[in-house]
Amino acid sequence: MKVAIYVEGITEAGFVYQLIKTKYHDIWTDFRLECLNLDPASAIDDLWGFGDENSRDYFLIFDSCSHDAVSSDILSRFENHRQNGFDRVVGLRDIYSDRYFDLYGRNTDRQNIESFITDMQNTIQEYDNSGFIQLRFAIMETEAWLLAMNDVFSRIDPQINAQWLLEKISFDVADDPETSIVHPYSKLEEIYTSIARTYSKHWREIKEIIFKLTWDDFDKLYHSCKCNSFREFYDSIFL
């Protein structure tokens with residue numbers, strides 16, 4: 001299996017990096033994982049190459065550094081990936097974006113989201129309709145997936161549990177963040193503010209969450225009834 005994965009930013013790059021590493025339980029002989037930043041000025045040293053260069057499974061993560069660049073970067077490179085033996089190219093971007101708001105406003109209406117996704121996927125299929133390119137979306141943001149894996153927050157501060165989240169930031173862990181929260185990132189901000197800290201999408205803050213995620217967290221989310229967009233993304237990579 002040889003897969004190229006294009007993501008919109010460092011949160012997504014770190015998330016995918018940790019997902020793949022933990023899936024293979026860090027057994028470096030079973031896979032090879034590399035991460036490239038398409039803006040060298042934004043490169044992250046922590047996302048270093050990992051695994052056996054001769055392994056059967058190879059994953060190459062590209063950080064496109066913006067929402068809209070994910071599609072354009074894929075379209076400018078997918079033929080090269082095909083010629084170099086990749087099985088598929090997967091894109092990951094948020095729904096939450098100026099482009100979405102300009103069309104549909106600030107809401108999580110499922111019909112609007114599906115229309116937005118379909119229009120963007122149709123654009124991809126104009127260039128390649130073989131299934132080699134699979135464009136996936138985090139609804140509304142990748143941070144929704146983090147909120148759904150809320151056990152991780154107790155590893156940052158032991159006082160954070162389901163009751164604390166409900167009382168402090170009005171987040172019910174029984175809800176699906178994908179359908180109940182327009183701006184999941186703002187909920188992460190509220191969590192950090194409530195423990196007298198800041199969360200502003202800097203890598204030092206992102207990695208504190210990302211690198212505490214375990215395979216059990218990802219597996220639990222996959223088999224839950226929450227965040228179907230995560231399952232679709234996962235299946236695009238591994239199935």
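## Contacts, sheet and helices in a predicted model

Colleague: Which residues is Trp203 in contact with, leaving aside its neighbours within four places in sequence?

Modeller: This is a predicted model in which local features need pLDDT of at least 70 and side-chain atom pairs count only at pLDDT 80 or more, while totals for chains, interfaces and linings use all residues. Residues are numbered from 1 along each chain as its sequence is written, and side-chain values use heavy atoms, with hydrogens and water left out. Taking contact as heavy atoms within 4.5 Å, and leaving aside neighbours within four places in sequence, the partners of Trp203 are Ile10, Gly14, Ile44, Asp46, Leu47 and Phe211.

Colleague: Is Trp203 buried or exposed?

Modeller: Trp203 belongs to helix H9 (residues 203-210), where helices (H or I, at least four residues) and strands (E, at least two) are DSSP runs numbered from the N terminus. Buried means under 20% relative accessible area, exposed over 50%, and partly exposed in between, with a 1.4 Å probe and protein chains only. The relative accessible area of Trp203 is 11%, so this residue is buried.

Colleague: Which strands stand at the edges of the open sheet?

Modeller: The open sheet has six strands in the order S3-S2-S4-S1-S5-S6, with mixed pairing, two strands being paired if DSSP finds at least two bridges between them. Each edge strand has a single partner strand, so one side of each is left without a neighbour in the sheet, and these are S3 (50-51) and S6 (133-138).

Colleague: What is the bridge partner of Val3 in S5?

Modeller: Strands S1 (residues 2-7) and S5 (residues 88-94) run parallel and are joined by five bridges. In S5, the partner of Val3 is Arg88.

Colleague: At roughly what angle do the axes of H10 and H11 cross?

Modeller: Axes are lines fitted to C-alpha atoms, for helices over the stretch in contact, with angles from 0 to 180 degrees between N-to-C directions. The axes of H10 (residues 215-222) and H11 come within 9 Å, and the crossing is at roughly 115°.
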